Structure formats: C-alpha cells, structure tokens
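Hi everyone, thanks for coming. I'd like to walk you through a structure, helix by helix.

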Amino acid sequence: MTVRTRLVLNADDFGISPAVNAGILACHAAGTVTSTSLMVHCPGWDDALPLLRATPSLGVGLHLNLLVGAPIIPAVTIIDRRSGRFLQLGALVRRGLAGRVDAAEVEAECEAQIAAIEAAGIRLTHLDSHRHTHALPVMRAAVARIAARRNLPLRRPIESHRRFPNDLVSQVHRGVIAWSWRVTSVGATATRAPQHFIGVSMQGGEKFEAQLTQVLGELPAGTAEMMVHPGRVDAALESVDGYTWQRERELAALTAPSVRDRLAAGDIARIRFDQL
C-alpha cells in the first residue's frame, strides 16, 4: 500500500505527573505514539527525565508551561503577584489581549525551560504549549522567534471545521484557537509545521476511540500532527489538571489492537518531528 500521510502522533503533557508519563510510554511501546511534549518542573518532572533518556526512539519537544506551578525566571507579567505562581488561563488570556504581558519575559521563560531540558541530556525536536498558550497575543511572537532561531517546528493549532461538525463545544474551541492564531500571525516570525493539525476535535474522552478510528481513515495527504492526551490518573495529576479519566480512555484506544492494526496498514507512515 502506498503511503498517503506522514503522521506525527504526539502525546502532550509528559511530566505533568508520573501516571501520565507511564501512560504515554505504554502508547509508545504499543507503536502508536511517536512523539511527546515535556512540561518542565511539573509534578512528574523528576520521574520523566530518566524515562525519556532511556527511550531515545520517542521524540521529545517542549510543552511550554505558563500555567502550572511557577516560572523558572524572576517574572512579573505572567504571574499572580500574591502567590508568585503562574496565572490561571483566563487571567493570562485577558492580560495578553490587553497587551500587559512582557514578550521578553515570555521569551526568557521559554528559553529557561528549553535549557532545563537540554541540561538533562534530552534533545528537543519541536515546540508547542500547554493549553495552546503560544497562540495568544505576545506569547505567539515570543515563541515563534525561539522556534525560528533554533530551527524547531512550532505547532500550528488550526484544525478543520469539517471534522465532527455537530460537536458544538469542539467547534467553538477550534474557532477561538484559529482566530487567535490568525490574528497573531501578523508580524510573527515564520515557523514550520506539518501541513495539517488534528486533536482538539477528539478531546473529551467519551467517544475517543470511535473518533480516532474515523480520523485515521480520513487523514489528508501530506504531513500531519495528531495531538493526543493519554495517561493514567494519580493524585499528582488531579492536583493540577481537570482532564483526568479522559486520559484513561485515550490510553485504552491508543493501545487497542484495532488502532494498532489500522496504523500498521501501510498508508500511514508514523514519524517524529525531526523526520519531517
């Protein structure tokens, strides 16, 4: 069978908790997930580093974290000054839209997170961010400069509205992200990415395996990134993120024999970002 799509199947949130790390590695061992994005200094960080060093076949990018915990650098505009910790997403969005986030601060924090990963002996293959914060005003320009400077692919989170058109919540989510990305494209440094992005449309957990199977049968020709969030659940995850049981559903689907067989059919080549 002729290869139609070269697919990066990327699992977000490595490092958010030990149980999520274990789930992502189970998917990689099953031959589905080819790449992951690592969160720095989150509850699963210490667990993550030896696991990733022992798994060189798994591509690793930075999952830029501006939401969980506290920054590495001294910061003012991306933190809650009362706690010294990152702002919640809504507050960060409002500051970004109001032009009250310092781009140099975001750039310095991103570079510090990259340096922490590189100091651990892990080579980065790409950049993206937790909750798509790199698509926000100010954040977009800062992260794009780093991606271009390091010649790393940067996630382009624009997803077709033709996929699952009746899922209103997903359609709104996709629309907001796409609007922000297009607005922030003006004046932003050019970066590279796969031709297609898929992932927001499948989030939610309840129908994940059926949706995944459908999407794999309809992948567009060319290069694509599929964003997934498999994992197991532990107290560390529950303390920082509300996407919990849904990760278990994604893990079950991404290790299911039917999904593994579909990916091995011959029309999809599974790659990492450094193989684009």
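Before anything else, one term: contact here means heavy atoms within 4.5 Å. Helices (H or I, at least four residues) and strands (E, at least two) are DSSP runs, numbered from the N terminus.

Now, some background. This is a predicted model, where local features need pLDDT of at least 70 and side-chain atom pairs count only at pLDDT 80 or more, while totals for chains, interfaces and linings use all residues. Residues are numbered from 1 along each chain as its sequence is written, and side-chain values use heavy atoms, with hydrogens and water left out.

Let's start with helix α7, residues 208-217. Which of its residues are buried? They are F208, Q211, L212, V215 and L216, where buried means under 20% relative accessible area, exposed over 50%, and partly exposed in between (1.4 Å probe, protein chains only). Looking down the axis of α7, these buried residues fall within an arc of 135 degrees, so they line one face of the helix; the arc is that of the directions from the helix axis to the C-beta atoms. On the face turned away from the buried side, you'll find the exposed residues A210 and G217. And what covers the buried residues of α7? The cover includes β1 (5-14), β7 (196-198), β8 (222-228), α9 (245-254), α10 (257-263) and β9 (268-271).

That brings us to α9 and its packing with helix α1, residues 18-29. Their axes are 9 Å apart, at an angle of about 20 degrees, which makes α1 roughly parallel to α9. Axes are lines fitted to C-alpha atoms, for helices over the stretch in contact, and angles run from 0 to 180 degrees between N-to-C directions. Angles under 35 degrees count as roughly parallel, over 145 as roughly antiparallel, 65 to 115 as roughly perpendicular and the rest as oblique. V20, G23, A26 and C27 of α1 meet R247, L251 and L254 of α9.

Next, helix α4 (residues 103-119) and helix α5 (residues 139-150). These pack at about 45 degrees with axes 8 Å apart, and are therefore oblique to each other.

Also in α4 is Q113. Is Q113 buried or exposed? It counts as buried, at 2% relative accessibility. Beyond its neighbours within four places in sequence, Q113 is in contact with V40, L62, H63, L64, N65, I72 and F86.

Last stop: P50 in helix α2, residues 45-53. P50 is partly exposed, with a relative accessible area of 42%.
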